Structure formats: structure tokens, C-alpha cells
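Thanks for coming, everyone. Please have a look at the screen.

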Amino acid sequence: MSEAKPPLRILLCAPRGFCAGVVRAIDVVEAALQRFGPPVYVRHEIVHNRFVVDELKRKGAVFVDELDEVPDGDAPVVFSAHGVAKSVPAAARLRNLFAIDATCPLVTKVHREAEIHHKRGRMVLLIGHAGHPEVVGTMGQLPDGAVLLVETEADVPGLAPPDGAELAYVTQTTLSVDDTAGVVAALKTRFPAIHGPHKEDICYATTNRQEAVKRVAPECDALVVVGAPNSSNSQRLREVAERAGCPVSRLVQRATDIDWSEFSGLSTLGVTAGASAPEVLVEEIVDAFAARYDVRVETVTTADESVFFPLPRELRPPAA
């Protein structure tokens, strides 16, 4: 007779997984495929999740790094949820490409804030991670030299804006709430007259998912974040769990990525997912633990989300 599986309590964070901006971006590609047929070209990963990208490829999406990989013609080209520099749609117009912008509206909000500050004569300080597509896109809204990037509190003392420059700050939408608060505090200490956003730039989904992790992490022996390594909000969830006292916090893309030597002898496991990770992958992870443990799943809800973003005008059905 086989040995009974040990019990495991799984605390499933809610909210988790897809946010409204990700849902909209995926819907943009699927709606374009349905309306215009394949191929639909997509500049960069539409969202940071390999499973999502592979599913869209299977349906006829073609992912490219730059516009010069898109052939001339009528096939749509979609810009990813992370946003793009102004030079990208300008290049598409020069080639008469049929461009559809799937930028998350909350990223677009940051773009508009940066533009308004620039028009008012302010130098913009962008809190974010160098090289992230969202940061590249936001910096690309303004002329070269108009934005200074700030990654950590340690960067603040070395900032050298022009003497007498009026300053403002904006932030990447997927940062750690706590880390960003520290950077903002340091900026306000050094530059007391700095202007901030009217409403927090870190998006509701990032904040909600981090709050749920903070709630469950102190109770857990380990926590799994379902997400991609190049997903900023997923990496932040892993860091938040560590800081909240969880002994083992790991980011995994699929069940096959789990190092089971790190998940032995558990009594309580936390599970969440980054904003680009579909629920089917969460279920896959839970099933993998259920194969080794006698699991009891509890959902821990810290917020209800009802945000919805409509499709771009090019993909909306004609008015009745």
C-alpha cells in the first residue's frame, strides 16, 4: 500500500494573474487575427509570458523585434502593452503600416504626465529599471536629455540636473510599492520642490498583487510566483514575499521549472501569479503540488478588481 501524501495548505493569493491591461493587449492581437486574418505582426512580446506568446503564435501572430522585420503591405502590426517610443509609430507612418497600439492605458497615462511636465519646462525624473520596455517607451516620449532615470535610492545623491531646473518625477507602473516609496522620499528630501503625479503611477494591479502577497507570505513556508523572469511585476512579487518573511520565494514559469528539493517538508505554501501569467499556469502549479501533497486550497482575497479597458478604435465593432 502506497504511503499517504503529507498534508499541504495552499494559500492562493487574490488578486493574481491577468490585469485589465494584459487582457486588453491579448484581446487586441486576437481581435486583429479574427478581423484581418493572419499574419498579424507584433513588435516585441505583447506581454511578458512565453505561454501567452506561443499561444498567439499558434493562432497566426508573428513576433518581431523591430519594424524593419515587418514586410510592406496591409497586415496589421501591434505595439505591445509596455508602450513604445514616439519614434516607433512615426516610423510605421512613414512606411504606411497599419499600426494598432496595445499600450496599457495606465502606461499611456505616465507618457502623458511626462509630456505635460516637459511642456511646462520641467526636467522629468523617471523611477524605473534601465532597459525595461516600458522605461524605454516612456523615455522615448521626450527629446534626448529631457529624462533622467532613477533606479534606486542610492542613485539620488548622484543626480545632476541643470542648476535651477524645475523637476518632476514619474514612475514605471510595475515597481515595488515599498521600493518606490523610498526613492520618492529620497527625491523629495533632496529636491523639496519636485512635482509628483496627481495619482500614483504604480498601477492598481501591481499594488493589489503585492498587498495579497504581503498578507499570506508571513504564514508560508514557501511561496511560488507564476511568471516570466523578464516580467518586472512578477520579480517584484518574489521580492515582496522575501521581505515579508517567507523563507523560500521562487519565480517559476511552468511546473517543470520547480526545484522540488526546495519544496520538501512544507505545511503551508503561498501561490500567486504576475499580471502576465494566465490562470491555466496557476492551475498547473497547484496540480503539481497536489501530485506530491494532500492539498487543501484556501483563497486569500485582499481586493476586488473590476477594471476594464476597451479595445483600440480600429478594432471596435461599428456602431449600430
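**Sheets, loops and spaces**

A word on terms. Helices (H or I, at least four residues) and strands (E, at least two) are DSSP runs, numbered from the N terminus.

Now the ground rules. This is a predicted model, with local features needing pLDDT of at least 70 and side-chain atom pairs counting only at pLDDT 80 or more, while totals for chains, interfaces and linings use all residues. Residues are numbered from 1 along each chain as its sequence is written, and side-chain values use heavy atoms, with hydrogens and water left out.

Two strands pair if DSSP finds at least two bridges between them. Strand β6, residues 122-127, is joined to β8 by six bridges.

Four bridges join β2 (residues 40-43) to β3 (residues 61-64). Within that pair, Arg43 has Val64 as its bridge partner. How does the chain get from β2 to β3? The chain crosses through helix α2, residues 50-59, and this β-α-β crossover is right-handed. Right-handed means that, with the strands pointing away from the viewer, the path from the first strand over the helix to the second runs clockwise. On to β4, residues 76-79, which pairs with β5 over four bridges in the parallel sense. There, Pro76 stands opposite Phe98 in β5.

Some backbone details in the loops. Ala14 and Pro15 are joined by a cis peptide bond, with omega about 5°. Pro15 is in the loop between β1 (7-14) and α1 (20-36). A cis bond also runs from Pro38 to Pro39, with omega near 0°. Pro39 lies in the loop between α1 and β2. Then there is His44, with a positive phi of about 70° although it is not a glycine. His44 sits in the loop between β2 and α2.

On a 1 Å grid over the protein atoms alone, a cavity is a set of points where a 1.4 Å probe fits but cannot get out; a pocket is an open set with protein on both sides within 12 Å along at least five of seven lines; lining residues have an atom within 4 Å of a point. Grid points are joined across faces, edges and corners, and a volume is the space filled by probe spheres set on the points.

The largest pocket has a volume of about 300 Å³. Of its 18 lining residues, the closest to the centre are Phe79, Val84, Pro89, Asp101 and Gln141. Which strand gives the largest share of that lining? β5 does, with four residues.

The second largest pocket holds about 180 Å³. Its lining includes Arg24, Asp101, Arg313 and Glu314. β5 gives the largest share here too, three residues.

Finally, there is one cavity of 30 Å³ or more. The largest cavity has a volume of about 240 Å³. Its lining counts 22 residues, with Cys19, Val22, His82, Thr174 and Asn233 nearest the centre. α1, α4, α7 (204-216) and α8 (232-243) each give two or more residues to that lining.
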